[in-house]
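Take a look at the model below.

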There are 2 protein chains.
Amino acid sequence: MIVTIIGLGLIGGSFALALKDNGLAERVIGVDTDPAHAAKALELGLVDELRPLETAIADSDLIVLAIPVNAIPLLAVKILNRVERQVVMDMGSTKEELCEVIAQHARRGRFVATHPMWGTEYSGPEAAVRGAFAGRSVVICQRELSDPDAVELVEGIYERIGMPIIEMEAEEHDLHAAYVSHISQVTSYALALTVLEKEREDEKIFALAGGGFESTVRLAKSSGEMWIPILLKNKYNVLDVLREHIHQLQIMRRMIERDDAEGLRGAIGKANSIRRIIH
Amino acid sequence: MIVTIIGLGLIGGSFALALKDNGLAERVIGVDTDPAHAAKALELGLVDELRPLETAIADSDLIVLAIPVNAIPLLAVKILNRVERQVVMDMGSTKEELCEVIAQHARRGRFVATHPMWGTEYSGPEAAVRGAFAGRSVVICQRELSDPDAVELVEGIYERIGMPIIEMEAEEHDLHAAYVSHISQVTSYALALTVLEKEREDEKIFALAGGGFESTVRLAKSSGEMWIPILLKNKYNVLDVLREHIHQLQIMRRMIERDDAEGLRGAIGKANSIRRIIH
């Protein structure tokens, strides 16, 4: 199978490695609007060749969109305009707008809307990780609107990579993603800003920062280029979760102000039940 | 050297292992008010014997307080009342009140106030970790008020375990600790509560929760018994940081509401500079 990957960063680059390592692609063609990224991806062996999008589509069996979510819907339509037998898929973190935009396209069936639940705080082709994705879930939205052969191809790839597949409506996906992914990003940025705002003595933070700080602030290293479009495309869900999160922080703040150990015990006891969910 | 460890949980248990593994203690005596914890610590081989505090002090060279911070100051005084040549140290996460309480004690010199910057989200003797502490920093407060031989003993232990030593004033320690440790705890609890409040479908969260969510919410599994005293003892610093953190979240919320990509770019670019501090 010949695969074209558009966007040779963290996700596209890691996916290219997964395809090659699992014998899923004979040839991976890379497309990236950033010439430095493209050259780096070729140099790192993530892709076998670089091509302009136009010529890549015709020669490919599968075209993968791994670009920021604000750029996906329009490019998805433009690519669908040009495909016949090929399968097109995306790997973006928001799904509602994309699914709406392509819903009535004559070639909708060739598209499979996916979101593999994996990432790191790094970006660009150098951030590509061998063995990424394995063991994490992947969401497929509006599976029933994709042609059976297209679904089979894409699910076959994800299964081979070791990702359990979850079917979900696009709206449902975006709501859950706000809770289990997008909010963590916002709080991590805000936490980094809090510390940087108040702590002028970098050396002291560095020396003291233990594992807890690192794990909660790690995501603040993530690129805005990827995350700003996600936060804005999933605006209403993100705002909803953010409102609730600020509310919970204010409740804890009031308990601390009032030395309300009993209240804190109740809140923390409840928070502890997250153990059910993450192990 | 014979060491008595008071509090056989995550910190005390891990410290016991570190002392034994590094050949620093011939014998570790365990003291814990919870008989089940005490029995478990003995069964796990964290300590060599269990004793009531009274008899343990007389036979020890070093007495280690590894109990919740609200219980440290009074017990520190009671132990100082009974020691002669022995060294006493604590491992608590707040230092200001403790240092104030023991400041004028006739045996102040026998005490070394320390805070090793290590922990996990688990608690109790089963949570004790072999090889903990290594590579993390340890803060020593009011070092000049401890006798030289007491400092030498305690610093020698931490050096042997592989912990760089930082000297700091107690007030300074508590302020920095609020920023690099205590705030992460509060946000993590609040994040868990946010998700649990809104997401009734545990299975979906579990399936979707990627690495980002896990790392920011992990701390929410931490025991209230340890953390409530820390948050209340360091109340004013914690409230200060919490206020700033909520403010930063509100700024990001407004930017998202207004589709202010430019503003978000600025904020995230600034947050990214946390890369300087955590690698």
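Start at L65(A). Leaving aside residues up to four places away in sequence, L65(A) touches I6(A), I72(A), L75(A), A76(A), I79(A), V88(A), M89(A), D90(A), M91(A) and F111(A). Contact here means heavy atoms within 4.5 Å.

This is a predicted model: local features need pLDDT of at least 70, side-chain atom pairs count only at pLDDT 80 or more, and totals for chains, interfaces and linings use all residues. Residues are numbered from 1 along each chain as its sequence is written, chains are lettered from A and ligands numbered from 1 in the order in which they are written, and side-chain values use heavy atoms, with hydrogens and water left out.

Now the wider setting. The largest nonpolar core has 134 residues, and L65(A), I79(A), L65(B) and I79(B) touch the most other members. Such a core is a set of buried Ala, Val, Leu, Ile, Met, Phe, Trp, Tyr and Cys residues joined through side-chain atoms within 4.5 Å. Buried means under 20% relative accessible area, exposed over 50%, and partly exposed in between, with a 1.4 Å probe and protein chains only. Another core lies apart, with 37 residues, including A41(B), M91(B), V112(B) and M163(B). In soluble globular proteins, nonpolar side chains tend to be buried together.

Next, the sheet of chain A. Its 8 strands run in the order β3-β2-β1-β4-β5-β6-β7-β8, forming an open sheet with mixed pairing. Helices (H or I, at least four residues) and strands (E, at least two) are DSSP runs, numbered from the N terminus. Two strands pair if DSSP finds at least two bridges between them. Strands β6 (111-116) and β7 (138-141) of chain A run antiparallel, joined by 4 bridges.

Helix α7 (170-198) of chain A lies across β6, β7 and β8 of chain A, at about 115 degrees to β8(A). Axes are lines fitted to C-alpha atoms, for helices over the stretch in contact, and angles run from 0 to 180 degrees between N-to-C directions.

Turn to chain B. Strands β1 (2-6) and β2 (27-31) of chain B pair in the parallel sense over 5 bridges. There, I5(B) has G30(B) in β2(B) as its bridge partner.

Finish at H105(B), in the loop between α5 (96-102) and β6 (111-116) of chain B. Is H105(B) buried or exposed? H105(B) counts as buried because its relative accessibility is 18%.
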